[in-house]
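Here are my notes on the charged pairs. Please read them with the model open.

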Amino acid sequence: MTSDSTRADAAARDATAFSPSTDANRAARREPSLVDQTGAGLDGLAQLRALLASGRKPGILVSLDFDFVEAEEGLAVFAGTPGPHAYNPIGTVHGGYAATLLDSACGCAVHSRLSAEQAYTTLELKVAYHKAITRHSGRLRAEGRVLSFGQRVA
């Protein structure tokens, strides 16, 4: 059984962990990224271009065998050819493969519009699946385009 004071302490810690924070505090809670390593101090588009020029791949691109193809202001393109590494137990490509390809494109499109002091994370993701993906589907290409860019949500 947990005492009320223990629950209150845990709630206070949880509230602090998810409260709005400075860029320095956000950076302290995550691992350094390839964007940090290749484009520190640059705006979002310059960071993405530096990452592309470096030829290095973040872990998710290695794991799922995606390529970061293109970055322009408000646009990011990713592509991948699904293979056995992306299959689920029922014999098709796992839905997370397509969702991750789309999330990467949309997220980096938003990243391309950020200043050097801004950061982002995915707020929501909804994917409608209309047809199964298999290894016979061929290369998939996801283009993320920024349609709106507000103070807090893009």
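1. Arg113 is partly exposed, at 33% relative accessibility. The class covers values between buried (under 20% relative accessible area) and exposed (over 50%), with a 1.4 Å probe and protein chains only. Its partner in a salt bridge is Glu73, at 3.8 Å, N to O. A salt bridge here is a side-chain nitrogen of Lys or Arg within 4 Å of a carboxyl oxygen of Asp or Glu. Glu73 is exposed, with a relative accessible area of 59%. The pair links distant parts of the chain, 40 residues apart. Glu73 sits in the loop between strand 1 and strand 2 (75–80). Arg113 sits in the loop between helix 6 (95–111) and strand 3 (140–145).

2. This is a predicted model: local features need pLDDT of at least 70, side-chain atom pairs need 80 or more, and totals for chains, interfaces and linings use all residues. Residues are numbered from 1 along each chain as its sequence is written, and side-chain values use heavy atoms, without hydrogens or water.

3. Glu72 and Arg49 also form a salt bridge, at 2.9 Å, N to O. Glu72 lies in strand 1 (66–72) and Arg49 in helix 4 (44–54), so the pair ties together parts 23 residues apart in sequence. Helices (H or I, at least four residues) and strands (E, at least two) are DSSP runs, numbered from the N terminus. Glu72 is partly exposed at 36%, and Arg49 at 40%.

4. Glu143 and Arg145 meet at 2.8 Å, N to O. Glu143 is partly exposed at 40%; Arg145 is exposed at 54%.

5. How many salt bridges does the structure hold? There are seven.
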